[in-house]
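Here are my notes on this one, point by point. Have the model open while you read.

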Amino acid sequence: MDTTPTPERWSLEDLFGGPQSPEFKKALEELDRRAAKLQELRDELKPGLPAERFLQIVRQVEELSDLMHRVYAAAGLWFYEDTQNPEAQALLARVRQKSAEIENQTLFFELWFKDLPDEEAERLIQAAGERYRYWLEQMRAWKPYTLSEGEEKIVNLKNTTGRSALDTLYDTITSRYQFTLEVDGETKTLTRGELMVYARDSRPEVREAAFRELYRVYAGDAPVLAQIYQNIVSDWKNEYLEVRGFKSAIAVRNKMNDLPDAVVETLLAVSRQNAPLFQRYFRLKARVLGMERLRRYDIYAPVTEAEKRYDYAEARRMVDEAFAAFDPRFAELAARVFERGHVDAEVRQGKSGGAFCWTPAPGTVPWVLLNYQGRPDDVSTMAHELGHAVHGMLAGEHPVFTFHAPMPLAETASTFAEMLLVDYLLENEPDAGVRRQVLFDQMDGNYATILRQAYFALFEIETHKMIPAGATADELKAAYRRNLEEQFAGAVEVSDEFDWEWISIPHIYGTPFYVYAYAFGQLLVLALYKRYREEGEAFKPRLFRILEAGGSAAPAELLAREGFDITTADFWQGGFDVIAELLEKLEAESGA
Ligand SMILES: [Zn+2]
């Protein structure tokens, strides 16, 4: 393994030799050729279509879609490495347009298949085999919400300059934000990622200043950002509720996730019931920090003075060893991502903030974007994103339609990977202060991933009702304040600038109701990890089966096969019980 001491930059060469290569141009042309070829088959789609012919057509659709995904990834990754690069912006816009065109040219297949009588569809599903079953069944599941071909074409085209463009605009505006912070008498200009490092500073006044600066900048654009949000929400309602006939805004995401509405309602209700668990934690944390009451600025405050830093090579080694301790296969897959030069870890102005993993298509080695700054947190993020990468590679046997895990399961490998790193640190870190910090970080992380996200989802449920009823930005802000009050119930002092927190959350813009998948995933993994500790080796094949399945079956079914029943409140409470145990441990150790 190569030991790069400083964060590296990725190479996009594995995708057609990069977005500026002649091969990439050829791939764009190839897309048109294949789409045209598929068009020619249109007349063959008639009752009694031979099973064999159907399978051939399915394969052509698959090849086209596969290529489209790779092209999209090349343009998308290029944009995210420098969102201010005009060439990358233009290419991404062009590829989006192309993607919409191709979707339109091939829509007839989907529409025809959706329209078939049940018996005929079942005959063809049988013919296509297990590999395509869930994809084909899912297509038909959207039948009640599908419009005519002409209408679907208009929606696709309009989305590129509509909801999708609004989301890009939001990204473009917020990616260029610069934050200024005075630290130790020096004024620094920072990206959001760099600024938020100070939200975890050991000095209370620095944490406060960081949050104030974050929301000062966002609130400066509040009228614009709120308006973008209002339009996205209205668009969601117009398309999905008015035109397609969904009963509620969240039902759209549930349908996309193939989760029954009742499962998500139970998840959110159980999360709400467990808010006092975290309030208890915040009271403990206040005592540990020697404060009367925790302020919202202090939620992620360190509990020890230890300002441990890990250089990049060290982080890579730790993640590798943590994965290997679980299973060598897990570690080997993660190592492949580094070996291919698919990791962009350095912090640069204009580069997308945060972190993500992008698996372009089945059989490709994923790309991982990080903003690595050496904190323990950055090491967990590395483990997290590599967990995604492992998941993507494990599911690589499925066609492009079903190799991606659906959202509720998308965080399974990533969160599991983070827990592997925690166990590794608890075992190998010599400094007791650091180990104690690791346990507190676990609680902080559970808060950030479960309760915080569940309350974002509750907020979205509200805004998606309020905005169509004409709510103003100030009314949304007031609703967010009520949300915070319920979540913290006085255990934490929340100052006014947090009323604008919601306009700083990209997910509620780009992917409405995505956030509950985090709570889902984390609680699920807590339950899985508990089983791993209880069962050891016997558990591993069950986890690998869940990951290898990708998105080839409904989440509830896929988990039921391995013995997890997500329809019950008990299942979700089980996740919170693991958190309660951790809290009791911390309370006992802290003499509370
Ligand atoms: Zn993730």
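**Notes on the predicted model**

1. Let me start with Tyr-145: it has 14 C-beta neighbours inside 10 Å, so it counts as partly exposed (buried takes 20 or more other C-beta atoms within 10 Å of a residue's own, exposed 12 or fewer, partly exposed is in between, and C-beta atoms are placed from the backbone). Tyr-145 sits in the loop between helix 5 (130-141) and helix 6 (149-161). Helices here are DSSP runs of H or I with at least four residues, strands are runs of E with at least two, and both are numbered from the N terminus.

2. What does Tyr-145 touch, leaving out residues up to four places away in sequence? Arg-244, Gly-245 and Phe-246, where contact means C-beta atoms, placed from the backbone, within 7 Å. Tyr-145 and Arg-244 are 99 residues apart in sequence, yet 4.8 Å apart in space, C-alpha to C-alpha.

3. A word on ground rules: this is a predicted model, so local features need pLDDT of at least 70 and side-chain atom pairs count only at pLDDT 80 or more, while totals for chains, interfaces and linings use all residues. Residue numbers run from 1 along each chain as its sequence is written.

4. On the whole chain: there are 25 helices and seven strands. The radius of gyration (over C-alpha atoms) is 24 Å, close to the 25 Å that the globule rule gives for 592 residues, so the chain is as compact as a globular protein of that length. That rule is 2.2 Å times the number of residues to the power 0.38. Buried residues make up 39% of the 592. Of the contacts between residues at least 6 apart in sequence, 76% join residues at least 24 apart.

5. Now helix 1 (residues 22-39) and helix 2 (residues 51-81): they pack at about 155 degrees with axes 10 Å apart. Axes are lines fitted to C-alpha atoms, for helices over the stretch in contact, and angles run from 0 to 180 degrees between N-to-C directions. The pair is therefore roughly antiparallel (over 145 degrees; under 35 is roughly parallel, 65 to 115 roughly perpendicular, the rest oblique). Among the contact residues are Phe-24 and Leu-28 of helix 1 and Val-61 and Leu-64 of helix 2.

6. Compare helix 18 (residues 412-428) and helix 19 (residues 432-466), which pack at about 160 degrees with axes 9 Å apart. Helix 18 and helix 19 are therefore roughly antiparallel. Val-422, Leu-425 and Leu-426 in helix 18 meet Arg-435, Val-438 and Gln-442 in helix 19.

Technical notes
Contact = placed C-beta atoms within 7 Å.
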